[in-house]
Amino acid sequence: MCLAIPARVIELLPNEQALVELSGVQKQISLALVDDISVGDYVIVHVGYALNRLDPEEAAKTLALFGNIPEMTSL
């Protein structure tokens with residue numbers, strides 16, 4: 001199963017790249033599929049690509065829902 005998750009942009013990098021942060025974890029992603037992203041914006045990230053910008057309130061709601069999902073130890 002693959003999920004697209006909201007992450008906050010903490011740094012814009014060259015070549016349509018950005019550094020995002022989610023729960024203390026930082027990851028470099030591509031911004032090639034979205035326009036006009038700024039530091040502090042939330043983006044939906046899937047397999048290393050930002051798919052679109054997300055309203056901060058919607059990001060908070062989505063992250064809260066993820067926080068309520070019990071960890072799966074086995075499938």
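**Salt bridges, pocket and surface patch**

Arginine 8 counts as partly exposed because its relative accessibility is 31%, which falls between the limits of 20% for buried and 50% for exposed. The model is predicted. Two salt bridges are present in the structure.

**Salt bridges**

- Arginine 8 is paired with glutamate 21 in a salt bridge, with 3.8 Å between the closest N and O atoms.
- This pair links distant parts of the chain, since arginine 8 belongs to strand 1 and glutamate 21 to strand 2, 13 residues apart.
- Arginine 53 and aspartate 41 form a salt bridge through their side chains, at 3.3 Å from N to O.
- Because arginine 53 lies in strand 5 and aspartate 41 in the loop between strand 3 and strand 4, the pair ties together parts that are 12 residues apart in sequence.
- Arginine 53 has a relative accessibility of 41% and therefore counts as partly exposed.

**Largest pocket**

- The volume of the largest pocket is about 150 Å³.
- Its lining comprises 13 residues, of which Ile5, Val20, Leu22, Lys27 and Val45 are the closest to the centre.
- At least two lining residues come from each of strand 1 (5-13), strand 2 (17-22), strand 3 (25-30) and strand 4 (42-46).
- By residue class, the lining holds nine nonpolar, two polar and two charged residues.

**Nonpolar surface patch**

- Leu33, Val47, Tyr49 and Leu51 make a nonpolar surface patch of about 400 Å².
- Leucine 51 is located in strand 5, which spans residues 49-54.
- With 40% relative accessibility, leucine 51 counts as partly exposed.

Technical notes:
Residues are numbered from 1 along each chain as its sequence is written. This is a predicted model: local features need pLDDT of at least 70, side-chain atom pairs count only at pLDDT 80 or more; totals for chains, interfaces and linings use all residues. Side-chain values use heavy atoms; hydrogens and water are left out. On a 1 Å grid over the protein atoms alone, a cavity is a set of points where a 1.4 Å probe fits but cannot get out, and a pocket is an open set with protein on both sides within 12 Å along at least five of seven lines; lining residues have an atom within 4 Å of a point. Grid points are joined across faces, edges and corners, and a volume is the space filled by probe spheres set on the points. Helices (H or I, at least four residues) and strands (E, at least two) are DSSP runs, numbered from the N terminus. Ala, Val, Leu, Ile, Met, Phe, Trp, Tyr, Cys and Pro count as nonpolar, Asp, Glu, Lys and Arg as charged, and the others, Gly among them, as polar. Patches are made of residues with over 30% relative accessible area and no salt bridge: like charges are joined within 9 Å, nonpolar side chains (Val, Leu, Ile, Met, Phe, Trp, Tyr) within 5 Å. Accessible areas come from the Shrake-Rupley method with a 1.4 Å probe; for residues, only the protein chains shown count as cover. A salt bridge is a side-chain nitrogen of Lys or Arg within 4 Å of a carboxyl oxygen of Asp or Glu. Buried means under 20% relative accessible area, exposed over 50%, partly exposed in between (1.4 Å probe, protein chains only).
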